[in-house]
Amino acid sequence: MIGWEAAKANAVPGFILQLTMLAVLIAYYTSARFALWLDRLAHYKQQHGLAFVIVAGVLAGALLPELFLILFFQKGKLHRQNFRNLAFTVPTWAIDAVLVDLMYRANLLWFGGAVTVPVVFAKICVDQLGYNPFLAAPGEVLVYEWKNDGFSWASVERAFGWNHYRDKIVPTLLATWVVWAPLMAIIYSLPYPLQFPLFSLALTFWVLLLTYMTNRFAGKIEADAPLALSVATEDRPQITEP
């Protein structure tokens, strides 16, 4: 149920995100000026390669969520916890961005760059039924639980059991599919050079959703917390799950 709770708690911003991405897709194919601007972004990404991927991943996955936290939940005041958070999230999402970019490259090699229904569907299946269940969701939950447990190796050992996968990864996957399946249809309907830049636009929202769920797993927020970013910091008292 935590996966559905996370998706419901973030339904409005998630729907806005999906509509925004859909508007980008429509504008790309209907507006020559907008398409030219996106093509310049794609060219910039190709020019800078791995550096672009890492910087975009860090900006979207680490810096923007932390800035949101500071502005809306800390009244604009910096805490030492924010820097500790960034020491964890910056390398985490830099590595994740590289893995996602590699997955997009693999999909291009396997299925080509044509934007057709069979090709887009095949890429979504690889992404949502292959990469996510076996690598992305387990890896992301593992590193966040590792942090929440005080970087204890006991949390790493637990991560390789079926009970952990059922109780933690399956809820994460439910939220992933609700949010990312429509987004993947949009992203894969664009030319390959634009796929990672569009992914990075959506990454910030996903980090908020993932943070919500992993803090719920750890008992750090109430079950009815209204938004993903109500997780705030480790300063909050822990809530024991029934």
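Which residues of the largest nonpolar core touch the most other members? Select Met21, Tyr104, Trp180, Ile187, Phe196 and Phe199, which hold that place among the 41 residues of the core. A nonpolar core is a set of buried Ala, Val, Leu, Ile, Met, Phe, Trp, Tyr and Cys residues joined through side-chain atoms within 4.5 Å. Buried stands for under 20% relative accessible area, exposed for over 50%, and partly exposed for what lies in between (1.4 Å probe, protein chains only).

The model is predicted: local features need pLDDT of at least 70, side-chain atom pairs count only at pLDDT 80 or more, and totals for chains, interfaces and linings use all residues. Residues are numbered from 1 along each chain as its sequence is written, and side-chain values use heavy atoms, with hydrogens and water left out.

**The core and its helices**

Helices (H or I, at least four residues) and strands (E, at least two) are DSSP runs, numbered from the N terminus. H8 supplies the largest share of this core, 10 residues.

Next, centre the view on Phe196. Residues up to four places away in sequence aside, Phe196 touches Lys45, Phe52, Val53, Ala56, Ala97, Val100, Asp101 and Tyr104; contact means heavy atoms within 4.5 Å.

**Aromatic rings**

Rings of Phe, Tyr and Trp (its six-membered ring) pair if their centres lie within 6.5 Å; planes under 30 degrees apart count as stacked, over 60 as edge-to-face and the rest as tilted. By this rule there are 8 aromatic pairs. Select Tyr28 and Tyr29, an edge-to-face pair at 5.1 Å centre to centre with 85° between the planes. Tyr28 is buried at 13% relative accessibility, whereas Tyr29 is partly exposed at 47%.

Move to Trp162 and Tyr165, a stacked pair at 6.0 Å centre to centre with 15° between the planes. Both residues lie in helix H7, 3 residues apart, about one turn of the helix. Trp162 is exposed, at 57%, and Tyr165 is partly exposed, at 24%. Then return to Phe196: ring pairs link Tyr104, Tyr188, Phe196 and Phe199 into a cluster.

**A buried asparagine**

Finally, select Asn82 in helix H4. Is Asn82 buried or exposed? Asn82 is buried, because its relative accessible area is 1%. Its side chain makes a polar contact of 2.7 Å with the side chain of Glu66.

Terms used. Polar contact = N/O pair within 3.5 Å; in protein donor to acceptor, adjacent residues only side chain to side chain.
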